[in-house]
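Have the viewer open as you read.

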Amino acid sequence: VDRRQRQMCIRDMGETLEEETKRKAVEEAYRFLGLEPYAPFAQVKVRYKKLLKEHHPDRHTKSATDNAEANEISAKINAAYQLIEAWEESQAKSFR
């Protein structure tokens, strides 16, 4: 099932408020990673690894402020990736 078919299917199912909130959070997570919502998961993985490498705290050791900021950004990157991963898994289960 491609991305557009999945989007249409989601809209046609008549989402509850909770489902709509989750979907919007997932779309925001895609945007945070710099991707178009519902991009292929392989693309999400590549982007996640690139961003995490770029913002890893071990690479920002010049000052405590840099390190703290890198920790915060890394945490947000991880949270976005985990949200998308969980969403993808739940969507895969619902299409079986």
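## A tyrosine pair

In this predicted model, both Tyr30 and Tyr38 are buried. Four aromatic pairs are counted here. For Tyr30 and Tyr38, the ring centres lie 5.8 Å apart and the planes meet at 45°, so this pair is classed as tilted. A pair of aromatic rings is described by the distance of the centres and the angle of the planes.

Ring pairs also bring in Trp87, giving a cluster of Tyr30, Tyr38 and Trp87.

## Around Tyr30

What is Tyr30 in contact with, leaving aside its neighbours within four places in sequence? The list consists of Leu35, Glu36, Pro37, Tyr38, Ala39, Val44, Ile84 and Glu88.

## The nonpolar core

Tyr30 also belongs to the largest nonpolar core, which has 16 residues. Tyr30, Leu33, Leu35, Val44, Ile77 and Ile84 have the most contacts inside this core. Helices H2 (17–32), H3 (41–54) and H4 (64–94) each give two or more residues to the core. H4 supplies the largest share, five residues. As a general point, nonpolar side chains in soluble globular proteins tend to be buried together.

## Helix H4

The buried residues of H4 are Ala70, Ser74, Ile77, Ala80, Tyr81, Ile84, Trp87, Glu88 and Gln91. When you look at their spacing, keep in mind that an α-helix has 3.6 residues a turn, so residues three or four places apart point the same way.

The length of H4 can be checked too: at 1.5 Å a residue, its 31 residues should span 45 Å, and the end C-alpha atoms are 45 Å apart, which agrees.

Technical notes
Residues numbered from 1 in each chain as written. Predicted model: local features only at pLDDT ≥ 70, side-chain atom pairs only at ≥ 80, totals over all residues. Heavy atoms only, no water. Core = buried A, V, L, I, M, F, W, Y, C linked by side-chain atoms within 4.5 Å. Buried < 20%, exposed > 50% of the residue type's maximum accessible area, 1.4 Å probe, protein only. Helix = DSSP H or I, 4+ residues; strand = E, 2+ residues; numbered from the N terminus. Contact = heavy atoms within 4.5 Å. Phe/Tyr/Trp six-rings, centres within 6.5 Å; stacked < 30°, edge-to-face > 60°. Expected span 1.5 Å × (residues − 1).
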